2 protein chains.
Amino acid sequence: MSDMRAAKATRTSFLDVRAAVLARIRARVWPPGALLPTEHDLAAEFGCARATVNRALRALSDEGVIDRKRKSGTRVRMVPVRKAKFEISVVRHLVEETNATYRYALVSRRAGPCPAWLAARLDLPGDHPMLHLRCMHYADNRPFQFEERWVNTEAVPAILTADLSVIGPNEWLLGAVPFTDAEIAMSAEAADAPLAEFLETAVGVPLFQLERITWLQGAPVTFVRMSHHPGYRMSTRY
Amino acid sequence: MSDMRAAKATRTSFLDVRAAVLARIRARVWPPGALLPTEHDLAAEFGCARATVNRALRALSDEGVIDRKRKSGTRVRMVPVRKAKFEISVVRHLVEETNATYRYALVSRRAGPCPAWLAARLDLPGDHPMLHLRCMHYADNRPFQFEERWVNTEAVPAILTADLSVIGPNEWLLGAVPFTDAEIAMSAEAADAPLAEFLETAVGVPLFQLERITWLQGAPVTFVRMSHHPGYRMSTRY
DNA sequence: GAGTGGTCTAGACCACCAG
DNA sequence: TGGTGGTCTAGACCACTCA
C-alpha cells in the first residue's frame with residue numbers, strides 16, 4: 001500500500017475521466033471531428049472499468065461535446081452544442097429569489113367556450129369548455145407579471161371548484177395535474193392598453209412575453225401567456 | 001403486478017423502472033413530498049440490480065421529478081421542476097432549419113479599448129483591448145438578426161487575423177475557442193435608430209434580444225448582443 | 001452510529017451498423 | 001459479420017447526513 005503511486009490513491013472516478021477527456025478535446029489533442037479511442041482502450045489507459053469510462057462519455061454526450069454511434073465510435077462534435085437549461089418554475093419563486101415580497105391577485109375568472117384562435121392552436125373544437133383566468137403577480141407591490149390563462153376544464157374539471165383567490169393557477173395546476181409535454185415560446189411584444197394598465201406602463205412599451213402550452217398524453221391541459229414588467233430579463237448560466 | 005412470466009422475458013431496463021416509478025408518482029401512489037422506498041427495496045420489487053434502480057432514479061432526479069438525499073432518502077418533489085433546454089447554437093442553423101436561405105454580412109470591424117459599460121460588466125480594466133464586430137444575418141434576404149459583439153483579443157488574439165467576411169464570428173469562435181462558462185439573458189427591447197435601419201423596421205418596435213457572455217476559466221472571451229427581427233419567437237418543446 | 005444514496009468493478013450479453 | 005457502444009448484474013466500499 002505504501003509503495004502505491006499517488007495516482008492510485010483514489011479509485012478513478014468517472015468525473016476524472018470526463019475531465020481528462022474534456023481537457024484533451026479543449027487542447028485539440030482530439031480536434032473537432034476526431035475519433036476517440038474505444039471505451040475499452042480508454043478504460044485500460046485510465047486504469048478503470050469500462051462502465052466508468054462509459055458514464056464519463058455519456059455525460060459528455062449529454063452535454064453535447066461528443067457524438068456517439070455504435071460501431072462507428074465516439075467523435076468530437078464539429079460544433080459543440082451547448083444546451084442552456086431554464087428552470088421554468090413558479091412565479092412566486094422567481095420573485096422570492098430576488099428577496100422581494102410576493103403578492104398574487106386573481107383579476108378575473110370566467111368559464112366559457114374556447115376562443116377560435118386558441119382552439120385552432122390547441123387543436124380543439126371551437127366550443128370546447130375552458131376556464132379563462134387573468135392574474136397579476138407583484139414583487140414588492142410593483143407589477144411583476146400579468147398572467148392570462150385558459151384551462152381545459154374537460155381535462156381538469158377540478159379547477160372549477162378550486163379556490164384560486166389565494167394560490168395562483170400556476171401553482172395549483174403544478175400540484176394537481178401532471179403534464180407529459182410542454183412547449184414554450186418567448187417573444188417581445190408591445191404593450192396594449194390593458195397590459196399597460198396592469199403593468200403600470202405605457203402602451204407600446206416592449207414586454208418580454210412567455211407562452212406555454214402543456215399536454216397530458218396528447219390532450220391539451222392549459223395555455224398561458226405571461227407578460228412581464230418592462231425591463232425584465234430572463235437569464236441563466238450554463 | 002400484471003404479468004410475471006412475460007416480465008422476465010427481457011431483463012428489466014432502467015427505463016422500465018423509470019416509467020413505473022413515474023406512473024406511480026403521476027397516479028399519486030407516491031404524492032408530492034412522499035418518501036419512496038429505498039433503492040434496495042425497489043430493486044427487490046422490480047427484480048433487478050440496485051444499479052438499475054439507481055440509474056432510473058438518477059434520471060428522474062435529473063429531470064427534476066424527485067429529490068434525492070443521502071440518508072434521508074428519495075422524495076417526490078413538491079413542485080416538479082421542469083427544465084426547458086435551449087440549444088444555443090449558430091444562427092445559420094436556426095435559419096436553415098426553416099428552409100430559408102442564409103446570408104451573412106460583416107457590417108463593421110474595429111479594434112479598440114473596451115467601452116466602460118462593458119468593462120464593468122466583464123470585470124476588465126477600461127482600456128482592455130477588444131475587437132468590436134457588427135454583423136447581419138439574413139433569412140431569404142430578409143433581416144433575421146443583428147449581432148453586435150466584442151471579443152477579448154488578449155484571450156483570443158487569433159481573431160485579429162481571422163477572415164470574418166465569409167464565416168461569422170459566432171461560428172469562428174465556436175470552432176476556434178472553447179469556453180467553460182456562459183451566461184445568457186433574454187429581454188424585450190425597443191429598436192433604436194441603427195437597429196431599426198438594419199432590421200428594416202421602425203424605431204420603438206419591440207425586439208427580442210439575447211445577450212451572452214462566455215468565459216474560459218474565469219477570463220471573459222466574448223460578449224454578444226443579438227437583436228432579432230420583429231415578431232421573432234424563440235421556442236422549444238420539453 | 002447507522003442507514004441511504006453515490007459510485008466503482010469485472011464480467012457478460014445484446015443491438016446496431018459500417019464494411 | 002465483427003466491432004462498438006448500451007446496458008444489466010452482483011457485489012463492494014465509500015460519503016454524507018440525520019437521529
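**Notebook: DNA strand D and the sheets**

I started with the surface near DNA strand D, where α3(B) gives the largest share, four residues. "Near" here means that a heavy atom of the residue lies within 4 Å of the strand. Helices (H or I, at least four residues) and strands (E, at least two) are DSSP runs, numbered from the N terminus.

Before going on, I noted that this is a predicted model, in which local features need pLDDT of at least 70 and side-chain atom pairs pLDDT 80 or more, while totals for chains, interfaces and linings use all residues. Residues are numbered from 1 along each chain as its sequence is written, chains are lettered from A and ligands numbered from 1 in the order in which they are written, and side-chain values use heavy atoms, without hydrogens and water.

**Around strand D**

I looked up who sits around DNA strand D: there are 23 residues, and R50(A), R68(A), S13(B), F14(B) and T52(B) come nearest.

Next I checked N and O atom pairs. R50(A) has a polar side-chain atom 2.4 Å from a base oxygen of DNA strand D. F14(B) puts a backbone N or O atom 2.4 Å from a phosphate oxygen. For T74(A), a side-chain N or O atom is 3.4 Å from a phosphate oxygen. Elements giving two or more residues to this surface are α3 (50–62), β1 (66–69) and β2 (73–76) of chain A, plus α3 (50–62) of chain B.

**The sheet**

I then traced an open, antiparallel sheet of seven strands, in the order β10(A)-β7(B)-β8(B)-β9(B)-β6(B)-β5(B)-β4(B). Strands count as paired if DSSP finds at least two bridges between them. β10 (233–237) of chain A and β4 (102–113) of chain B are the edges, each with a single partner strand, so one side of each has no neighbour in the sheet. The twist averages 15 degrees from one strand to the next.

Inside the sheet, seven bridges join β6 (142–152) of chain B to β9 (219–228) of chain B, running antiparallel. There, E147(B) stands opposite M226(B).

**Across the chains**

Last, I looked at β3 (82–88) of chain A, which is joined to β3(B) by seven bridges and runs antiparallel to it. I88(A) stands opposite R82(B).

Conventions:
A polar contact is a pair of N or O atoms within 3.5 Å; within protein, one must be able to donate a hydrogen and the other to accept it, and residues adjacent in sequence count only if both atoms are side-chain atoms. Axes are lines fitted to C-alpha atoms, for helices over the stretch in contact, and angles run from 0 to 180 degrees between N-to-C directions.
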